[in-house]
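Hi,

Here is the structure I promised to pass on. Have a look, and my notes on what turned up follow below.

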Amino acid sequence: MSAQAVHLDPRSLLLEFGPLAGELGRGEWVARRLGEMGFIPQRDELGNVWAGAGGLLLVAHIDTVLTPGPVRQQGDKWFAPAVGDNSAGVAVLLSLAPLLLPLGVGLGFSVGEEGLGNLKGARALVARLSPRMMVAVDGYMPGVVTEAVGSVRLRGLFVGPGGHAWGDRTNPSPVPALGQALSALYELKKHEDVSVNVGRVWGGEAINAIPAEVGFELDLRASKGAMLEQLEAQAREALMNAAQKHGVRLELEVLGRRPAGSTATPEMQRAARLALAEVGQEVRWLSGSTDASAAVEAGIPALAFGTYRGGGAHTPEEWVEPESLVQGAKALWALVRGLRGI
């Protein structure tokens, strides 16, 4: 950024924005700040906020995994739940709004990236704004995600008749079906490019009652579409086999799907590499699930660009190096200049 460039301090923005909880309140804050800069923010029924439009769309998600809290400084680091992912990305992107919006670059602040959001915010922004290229501002610097990791999220129930632990002891229980299924699911993780995670399990009402149902939530991921399809088919087979063996019923619900693939062009990758080189960083090419996946799904060239240094994402002790946000803003500005020349 030149000495004459008008931009905001991402560190100050992070101190304001980071502690705010809830998509609604965070979106209102972003919209207010954009208005204070003289721009006209827009919002949709989902909670997305955006300003401007053009061939290039930059998106940072405002939703979080953990509830944000006050920022605590310790040495050269700031600590707080969600202070990095993706509060830091929002702060960096918003700090550049005075530079980017006059250039005809669209800025989006999305909801529904984390958890079961299923990319609803980014998908809606891509459909509404129809960009020619998209960059998700998300992740650690110098990481650049060029390969979208696909996922399938499932919620399942094993259902039986239930009953008294002694009086109905001949009734089939869904518990051993769940146990067999969990063991079989984790046996499917035989390739470094797939992941299997059961994030939640529940069931039962009393120690002396046979559960009528037990449930689980399953996250399947793979770096290739065909690999994900095979993994899902194997998981469904393992679940059905467990239900049949133990004489209980299986109920399965799809909670969400994210695409796998890559649309980042060589020119975009070159621009990312040169942008990081401008701030003395060597790019790290990564795969991952970000808002850029919504553009990949639509066949639009896209990548995700990290703009801060930190760690502990999705934990209460998440941290960032505040000075890195300044460096990240410079790198993002360099990336936009490079992409506008493509």
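How much space lies in the largest pocket? About 840 Å³, in what is, please keep in mind, a predicted model. The pocket is lined by 37 residues, and E113, E114, R221, S289 and H314 are the closest to its centre. Strand β13 gives the largest share of that lining, with 4 residues. Other elements that give two or more residues include β9 (150-159) and β14 (249-258). By class, the lining has 14 nonpolar, 13 polar and 10 charged residues.

Where does the pocket sit? It lies between domain 1 (10-149 + 260-340) and domain 2 (150-258), because both give residues to its lining.

Now to the salt bridges, of which a search of the whole structure finds 19.

- R153 pairs with D219, with the closest N and O atoms 2.6 Å apart. R153 is in strand β9 and D219 in strand β13, so the bridge ties together parts 66 residues apart in sequence. R153 counts as buried at 11% relative accessibility, and D219 counts as buried at 12%.
- D219 also forms a salt bridge with R221, at 2.9 Å between the closest N and O atoms. R221 counts as partly exposed, at 28% relative accessibility.
- R11 bridges to E323, again with a closest N and O distance of 2.9 Å. This pair links distant parts of the chain, helix α1 and helix α10, 312 residues apart. R11 is partly exposed at 24%, whereas E323 is exposed at 52%.
- E16, R32, R33 and E36 are linked in a network of salt bridges.

Happy browsing!

Key: Residues are numbered from 1 along each chain as its sequence is written. This is a predicted model: local features need pLDDT of at least 70, side-chain atom pairs count only at pLDDT 80 or more; totals for chains, interfaces and linings use all residues. Side-chain values use heavy atoms; hydrogens and water are left out. On a 1 Å grid over the protein atoms alone, a cavity is a set of points where a 1.4 Å probe fits but cannot get out, and a pocket is an open set with protein on both sides within 12 Å along at least five of seven lines; lining residues have an atom within 4 Å of a point. Grid points are joined across faces, edges and corners, and a volume is the space filled by probe spheres set on the points. Ala, Val, Leu, Ile, Met, Phe, Trp, Tyr, Cys and Pro count as nonpolar, Asp, Glu, Lys and Arg as charged, and the others, Gly among them, as polar. Domain bounds come from an automatic or database domain assignment. A salt bridge is a side-chain nitrogen of Lys or Arg within 4 Å of a carboxyl oxygen of Asp or Glu. Buried means under 20% relative accessible area, exposed over 50%, partly exposed in between (1.4 Å probe, protein chains only).
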